[in-house]
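Good morning, everyone, and thank you for making time. I would like to walk you through one model this morning, so please have the sequence and the structure open while I talk.

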Amino acid sequence: MSHQPDLVIANATVVNSTGRQEAHIVVHEGKIAALVDAAQPAPAAGRTIDATGKLAIPGGVDGHCHVAQVTGRFRTLDDYRTTSTAALWGGTTTIIDFGIPRDAQETPLAAVLHKKELATQSRCDVALHGAVVSWDETVPWQLEQLAAEGVRSVKMYTTNRGTTMADGDTILKVMREMVRLDGLAYIHAEHDPIIADCTEQHAQDGRIGIEHLHRTRPELAEEISVKETLAMAEYTGAPVYFVHQSTPGAVDLVSQARERGLEAYSETCPHYVTLDDTVYASTFPEWFACCPPMRSAETVAALKERLASGAIHTMSSDHSCYDLSQKRERTDDVRAMPHGLPGVETRMPVTFSAMTSAGATVEQFVSAFAAEPARINAVPGKGRIAEGFDADLVVFDPAEERTVNGAALHMGTDFSPFDGKALTGWPAVVVSNGRVVLDAGGFHDPGAVGRFINRNGFRQHQSPAAEASHLPAAVL
């Protein structure tokens with residue numbers, strides 16, 4: 001190296017999804033310049049951080065965030081500055097948001113371009129998913145434009161009729177386009193007719209308040225929708241990714257499809273492996289309004305086992321930043337209240353605590369937290385500590401325990417569903433694109449420096465040539 005590096009993380013236990021090593025991490029001009037064997041002296045640098053006794057992992061990639069999201073008459077209370085700041089506080093250095101049409105007049109392309117403009121205020125790197133609600137003759141062209149903008153995935157909801165729901169014809173046609181454009185179909189899978197009927201039955205019985213949410217959206221509705229969607233993916237040959245899976249049955253359907261050769265992936269969220277449906281009988285059930293809802297303790301335990309075994313590929317926050325005043329407007333009717341939980345800042349410690357308590361290794365945690373979200377979403381330069389990759393790094397003490405204080409978090413809301421929980425896996429140092437943004441001195445706002453990441457084509461990124469380029473660097 002001809003110039004002194006900007007930063008060295010010295011004496012770290014470097015953990016990737018593929019293994020670990022004792023090394024000094026050399027950072028220069030926003031990239032990982034080298035890994036030097038820790039038995040050798042640490043290179044001189046503009047700044048050196050001693051990580052003796054600590055783990056260094058890739059910065060987190062959160063593949064499922066909703067920033068400044070408008071749904072009906074509700075808008076989340078965050079913006080990109082707020083959410084990206086909270087992400088960095090929580091060890092996440094890349095977020096992937098959604099360009100979801102706000103109403104029938106906004107096109108998929110317009111929704112993405114709007115979010116792309118908002119994202120110029122981000123403190124961390126940002127990528128985007130598109131979304132399609134209804135099919136018309138312009139959709140293929142719009143999807144081509146999205147691909148040209150570096151947006152290579154499209155989300156579709158199988159529920160929420162009248163707002164974001166896409167019908168079966170639309171889903172199948174978009175899947176065909178994803179094959180043509182080397183993209184990835186993202187699916188929120190809940191069977192709408194079952195949910196609509198079940199919800200109506202509960203309303204007629206006067207059991208439609210938040211304390212009954214988990215009964216209005218049964219596990220069967222999720223699993224039937226996954227099964228139907230997998231059939232369409234198999235028919236079209238499209239790769240498919242299921243967001244926020246909350247039941248072991250749904251995960252098993254994806255695993256069985258993979259055994260048949262389908263490119264299918266499971267995501268879950270921290271709340272589904274940590275909280276069960278007894279929260280709806282708690283003092284503040286509105287803290288837990290999300291779809292799908294929390295499941296039984298038995299389901300949570302089985303889902304956690306799937307996560308620890310690797311059957312679930314990614315852990316995303318599904319961050320949605322409503323506050324309690326919005327949640328409490330209509331606790332009497334789950335059909336009228338906003339659903340979604342703040343979680344981008346707590347994703348790392350909740351996931352680390354849940355996975356390691358279930359017997360998973362730190363390498364498996366890194367896989368779900370950073371490596372697989374980057375790989376499956378075809379985000380170049382992310383998810384690995386290796387020469388040439390972006391210098392997105394988190395240093396932490398795996399034995400340090402802290403208790404969640406929702407009021408002290410930075411997500412732009414006034415609660416956390418994990419408030420009062422004791423967790424391990426909190427970041428001590430966070431480096432984003434080579435900048436130290438969090439250390440013992442607190443948070444150092446880098447300004448609106450987050451980059452928009454143009455994603456690769458899905459199959460292009462998974463190819464043997466691309467995979468070879470992602471191998472860890474040799475220890476020097």
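Predicted model: local features only at pLDDT ≥ 70, side-chain atom pairs only at ≥ 80, totals over all residues.

Let me begin with a pair of histidines: the side chain of H244 makes a polar contact with the side chain of H188, at 3.1 Å, where a polar contact is a pair of N or O atoms within 3.5 Å, one able to donate a hydrogen and the other to accept it within protein, and residues adjacent in sequence count only if both atoms are side-chain atoms. Residues are numbered from 1 along each chain as its sequence is written, and side-chain values use heavy atoms, with hydrogens and water left out.

H244 sits in the loop between strand 14 (240–242) and helix 8 (248–259), helices (H or I, at least four residues) and strands (E, at least two) being DSSP runs numbered from the N terminus. Is H244 buried or exposed? At 3% relative accessibility, H244 counts as buried, a word that stands for under 20% relative accessible area, with exposed over 50% and partly exposed in between (1.4 Å probe, protein chains only). Leaving aside neighbours within four places in sequence, the contacts of H244 (heavy atoms within 4.5 Å) include H64, E222, C269 and D318.

Turning to the sheet, we find an open arrangement of 8 strands in the order 6-10-11-12-13-14-15-16, with parallel pairing, and strands pair if DSSP finds at least two bridges between them. Strand 6 (60–62) and strand 16 (314–315) stand at the edges, each with a single partner strand, so one side of each has no neighbour in the sheet. Strand 14 pairs with strand 15 (residues 264–268) in the parallel sense over 3 bridges, and within that pairing Y241 has Y265 of strand 15 as its bridge partner.

Finally, the aromatic rings: a search of the whole structure finds 10 aromatic pairs, meaning rings of Phe, Tyr and Trp (its six-membered ring) with centres within 6.5 Å, where planes under 30 degrees apart count as stacked, over 60 as edge-to-face and the rest as tilted. W287 and F415 form a tilted pair, 6.0 Å centre to centre with 40° between the planes, and the two residues are 128 residues apart.
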